[in-house]
Structure formats: C-alpha cells, structure tokens
Amino acid sequence: MGTKVLISGASIAGPALAYWLGQYGFEPTVVELAPALRGGGQAVDFRGDAHLTVLQRMGLLDELRRIDTGGSPMDFVDRHGRRRLHLPADFAGGEVEVPRGELARLLHRHSLPSTEYVFGDTVTALEETPDGVRVEFRHGSPREFGLVVGADGLHSTVRRLAFGPEQRFVRHLGYYAATWQLPNYLGLPPGSVGLNVPGRLAAVGADHRDRTRAGAFFLFASPELPYDRHDQEQQKALLADAFAGLGWEVPRLLESLREAPELYFDSISRADVPAWSAGRIALVGDAACGATIGGMGTGTAMVAAYVLAGELARARGDHRTAFARYEDAVRGYAEGCQRGGDRTGPFLAPGTAAGLRLRDKLLGRRWVLNRMLELGRKVSSTIALPDYQTEFATR
C-alpha cells in the first residue's frame, strides 16, 4: 500500500500499531520524545481471550511466557508492619504478567524491520493537506504523512493539537501514583509489601529480573495538584509532603527517592474522547480511552492497535471507512475495560479507616477474589476479533 503513517509514542500502543501496519505494507514512522526506549515501570498483565489472541497472532505469546513473572503477590501492612491483607499472585498477574520495559523492547524489536524510529523529538504542529498531514517537529524538519496516529498516552500531544486542550477530555479521579527504582535493601522476594493507611499506600517489591533491585509504588488521595509534569524535583517534593510522618519503611523509601534518576509520577485519571478520529488523524490506546492504572490499558492498547491496522488494510487505505470501523469495533470494549481504572485508587488506598477494614474483610475471602478474576476475564474478552491475516491471505 505504501501509505506513510506517523505514530506519536513508542511505549506500547505505538510499536504494536507499527508492527501490524508494517505487516500490511504501510510505511510507519514512530516519533518519541524520550531519547530511548523507556525501561522500568510496573509489571503489566494480559488476561482473557482477546489479549492472548492478539499476542499469539503477533508471535509474541511464547516469548512473553518465557519472561512471565508468575504474578506479583502483595501484602498490605499497618504502621507496625503487621499484615492486614494478602493478595495472591494470580489476583494481580492475570494469565501472563511481564515487566513493562521487557514488553516495550520486544515490541520495538518485532516492529523495527518495517518501522523508522525517531527518538528525542516530538510533534509540534499538524496541518491537513489535500493528500495528507504536514507535521512539524521540535527538532526535525517538517514532513508529510498520509495519516497520523496519536499513541502518546493520557497526556497526548497529538490529541491536544488535533482535538483540543487536555482538560476537555481528561478527568482527575482523586489520586496520584508514583514509581521508582531503588536497591533491594530489605532483601525482598518477588511480590511487594506496602503500608496502607487511609488515603495512602507506600509499597516496595523486588525486581523480578534482578533481585538486587526493587521498585517503589506510592499512591495517595488528593485533589488535582498544579505541578510541572517535566519537573521531577517538584514531583519528589510533592511525594515527600504527602507521606511525611509515616513510619514503617516509608522514611527509607523517601530517602531513596532523592537519589532516584528516574521517577514516574502522574494523576490517576481517565480520558474520554467523543470521537477517536478527525480527518486523517486518529487516536489509539490511552490517548483515546485511557485509565492511568487498573483499566487493563496495556491489553486494550494491543487489541486496539491490531484492529486499527487491520481496518486500514481492509479498507485499502481509505482512512474514513477504516477509522469509523475501528472505533465502532473497539469503543465499547475499551470503555468496559476502562471502568476498572475508576476503582483503582479507592481499592488500593480507601479514604477512611472503615473503608480499609471493609476492603480487607471482603478480599480476605477467596471466593470474592475468584469472582473478581472471573469478571476481569469476561470484560477483557468482550470483543470479536477479525482474523485479518487469514482474510488478506485468501484475497
């Protein structure tokens, strides 16, 4: 087909989309603001038929099973380190759980033969022309593409430029979350342990690949905060203030934060975009229908990328037809998965002592966990995936 497609974002949705577009003869270019692929981050999981089908069709499922963490059990403790709740590995780990950075590297490697990657740059302007989209970049020279796709997350630059300001589409859900890497000074096994008090969770767990390393995960309830998303020192100060005065291992974890070279800090929010495309520009993954944590965003992004590329190929590059079919196929499914993210903050850090006791009592019952797992698998499988590869092979 030869249509040149610019994809903004090299996390998960972007490289997945680039892989499939390359399979169908498109010419994808991925632009990413970061200077290289981003490592680290929390483990991500896949569950249900839709997720596993896409991974199988990409040829990734066996590779991911080889690096499967086996799930991440979690203990919640009180201020004195006494266990108040244990969540087993299968509750959070789905059917396959892998480090996010490992998944990103695999997607990059599989898409690389047919994809141009441009790191350390970002889109600054978009202008539709009769035959494409003229794109300006912060550093590179302007270029023209047949189509542009925003796969650049909850704070999508493409969405802002083509659809409108972020505040129209992104809603704060009352919590903030942060992760960073540190030495495993506690000698923890895989999994994590976290202090839970009303409205706050401070957790730490061993790295599944390197037991000498660990990852911290902090979450706290807060109204929307004004801060610079690119100023890590400011974000570190917000975390220190939010967790000041707590005991257990919190002071040592905050001390490690001072030296952390890389910090992920963001609100728990959701994106709701009335239409996922405008002319020759479309959105995929969290940019279209995102939830920061708990909305099965990684699996949904992989499914959405598969369908978007397949519909573009099926429509032989007719973007109007393809974008409409893509949204019609994926929106209901993505919104069903996304609703899980609305409950993440109150689940991990209920706002009251009574709320904490109620959560612990309910989740201390195995049948409740089993029911929640069953519902998660059902939600993540509520989409019928066309077999685009077989369809095109028989044309």
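Analyst: Here is a walk through the helix packing, followed by a few single residues.

A bit of housekeeping: this is a predicted model, so local features need pLDDT of at least 70 and side-chain atom pairs count only at pLDDT 80 or more, while totals for chains, interfaces and linings use all residues. Residues are numbered from 1 along each chain as its sequence is written, and side-chain values use heavy atoms, with hydrogens and water left out.

Let's start with α10 and α11. Helices here are DSSP runs of H or I with at least four residues, strands are E runs of at least two, and both are numbered from the N terminus. Helix α10 covers residues 297-314 and helix α11 covers residues 319-342; their axes come within 8 Å and cross at roughly 160 degrees. Those axes are lines fitted to C-alpha atoms, for helices over the stretch in contact, with angles running from 0 to 180 degrees between N-to-C directions. So α10 and α11 are roughly antiparallel to each other. For the angle words, under 35 degrees is roughly parallel, over 145 roughly antiparallel, 65 to 115 roughly perpendicular, and the rest oblique. The crossing of α10 and α11 is right-handed; that means the near helix is turned clockwise from the far one by less than a right angle, and left-handed means anticlockwise.

On the α10 side, the contact is made by T300, V303, A304, V307, L308, E311, L312 and R314. α11 answers with H319, A322, F323, R325, Y326, A329, V330, Y333, A334 and C337. Contact here means heavy atoms within 4.5 Å. By class, the contact of α10 with α11 has 13 nonpolar, two polar and three charged residues. In that count, Ala, Val, Leu, Ile, Met, Phe, Trp, Tyr, Cys and Pro are nonpolar, Asp, Glu, Lys and Arg are charged, and the others, Gly among them, are polar.

C337 also matters for the cysteine part of your request. A search of the whole structure turns up zero disulfides, a disulfide being a pair of cysteine sulfur atoms within 2.5 Å. The sulfur of C337 has its closest cysteine sulfur in C289, 8.6 Å away, which is too far for a bond. Both cysteines are tucked away: C337 is buried at 2% relative accessible area, and C289 is buried too, at 9%. Buried means under 20% relative accessible area, exposed over 50%, and partly exposed in between, using a 1.4 Å probe and protein chains only.

α10 has another partner in α2. The two pack at an angle of about 55 degrees with their axes 9 Å apart, which makes α2 oblique to α10. This crossing of α2 and α10 is left-handed. The residues touching are A50, H51, V54, L55, R57 and M58 from α2, and G299, T300, M302, V303 and Y306 from α10. By class that contact has seven nonpolar, three polar and one charged residues. Within α2 (residues 49-58), the buried residues are A50, H51, L52, V54, L55 and M58. Just after α2 comes G59, with a positive phi of about 80 degrees.

Next up is α1, residues 13-23. Ten of its eleven residues are buried, so α1 is largely enclosed by the rest of the structure; among them are A13, G14, P15, W20 and G22. α1 packs with helix α5 (residues 100-111) at an angle of about 25 degrees, their axes 8 Å apart, and that makes α1 roughly parallel to α5. α1 passes α5 in a left-handed crossing. P15, A16, A18 and Y19 of α1 meet L107, H108, H110 and S111 of α5. The contact of α1 with α5 has five nonpolar, three polar and no charged residues. After α1 comes G25, whose phi is positive, near 90 degrees.

Now the loops. Most residues other than glycine have a negative phi. W248, though not a glycine, has a positive phi of about 55 degrees. W248 sits in the loop between α7 (232-242) and α8 (250-259), and is partly exposed at 23% relative accessibility. Q167, in the loop between α6 (157-162) and β12, is exposed, with a relative accessible area of 65%.
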